[in-house]
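Visitor: I would like to understand the words used for a model like this one. Could you walk me through them?

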Amino acid sequence: MAKKKGEKLYLNRIKLVMIEKRLEQKDLVELTGLSRTTISNYCANYAQPSLETLHKIALVMKVNAQRLIEPTPDED
């Protein structure tokens, strides 16, 4: 999927799931042991977690890791 100039590409849904779970970034920092900067970058989609880190985040948030990833369009 091509993005237009100035359009942000969202690859993860970590921030949305945090809102659903009523978690703040500081909570995720404490639960995962990741830095505040790292969590902030994931929430803003400036950086993407590795699969291992995504799994760790999913475990502490008690969700399936697939919920943390932006879905892709179905192929025809």
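**Around Asn12**

Guide: Gladly! Leaving aside its neighbours within four places in sequence, Asn12 is in contact with Tyr42, Asn45, Ala47, Gln48, Pro49, Leu68, Ile69 and Glu70. Contact here means heavy atoms within 4.5 Å. This is a predicted model, where local features need pLDDT of at least 70 and side-chain atom pairs count only at pLDDT 80 or more, while totals for chains, interfaces and linings use all residues. Residues are numbered from 1 along each chain as its sequence is written, and side-chain values use heavy atoms, with hydrogens and water left out.

Visitor: What makes Asn12 buried or exposed?

Guide: Buried means under 20% relative accessible area, exposed means over 50%, and partly exposed is in between, with a 1.4 Å probe and protein chains only. Asn12 has a relative accessible area of 6%, so Asn12 is buried. Its place is in the segment before α1.

Visitor: Which backbone atom lies 3.0 Å from a polar atom of the side chain of Asn12?

Guide: That is the backbone nitrogen of Ile14. A polar contact is a pair of N or O atoms within 3.5 Å; within protein, one must be able to donate a hydrogen and the other to accept it, and residues adjacent in sequence count only if both atoms are side-chain atoms.

Visitor: How do you know what the elements of the protein chain are?

Guide: Helices (H or I, at least four residues) and strands (E, at least two) are DSSP runs, numbered from the N terminus. By that reading the protein chain has four helices and zero strands, in the order α-α-α-α from the N terminus on.

Visitor: What is noted about the phi of Asn45 and of Arg22?

Guide: Asn45 has a positive phi near 60° in a residue other than glycine, and Arg22 has a positive phi of about 55° although Arg22 is not a glycine either. Asn45 is found in the loop between α3 (36-43) and α4 (51-61), whereas the place of Arg22 is in the loop between α1 (14-20) and α2 (25-32).

Visitor: Why is one called buried and the other exposed?

Guide: Asn45 has a relative accessible area of 9%, so Asn45 is buried. Arg22 has 76%, so Arg22 is exposed. Lys62, which follows α4, also has a positive phi, near 60°.

Visitor: What makes a group of residues a nonpolar core?

Guide: The members are buried Ala, Val, Leu, Ile, Met, Phe, Trp, Tyr and Cys residues joined through side-chain atoms within 4.5 Å. The largest one here has 14 residues, of which Ile14, Met18, Leu28, Ile57, Met61, Val63 and Leu68 touch the most other members. α1, α3 and α4 each supply at least two residues of this core, and α4 gives the most, with four residues. In soluble globular proteins, nonpolar side chains tend to be buried together.

Visitor: What is Met61 in contact with, beyond its neighbours within four places in sequence?

Guide: Met61 is in contact with Ile14, Val17, Met18, Lys21, Leu23, Leu28 and Leu68.

Visitor: How do you know that the buried residues of α4 are on the same side?

Guide: The buried residues are Thr53, Leu54, Ile57, Ala58 and Met61. They cover an arc of only 140° around the axis, so they lie on the same side of α4. The arc is that of the directions from the helix axis to the C-beta atoms. The face turned away from the buried side carries the exposed residues Leu51, Glu52 and Leu59. What covers the buried residues of α4 includes α1, α2 and α3.

Visitor: And which residues of α3 are buried?

Guide: Ile39, Tyr42 and Cys43 are buried. Their arc is only 100° around the axis, so they too are on the same side of their helix, α3. The buried residues of α3 pack against α1, α2 and α4.

Visitor: Why is the pair of Arg67 and Glu20 called a salt bridge?

Guide: A salt bridge is a side-chain nitrogen of Lys or Arg within 4 Å of a carboxyl oxygen of Asp or Glu. In Arg67 and Glu20 the closest N and O atoms are 2.1 Å apart, and the pair forms a salt bridge. Arg67 lies in the segment after α4 and Glu20 in helix α1, so the pair ties together parts that are 47 residues apart in sequence. By this rule the count comes to one salt bridge.
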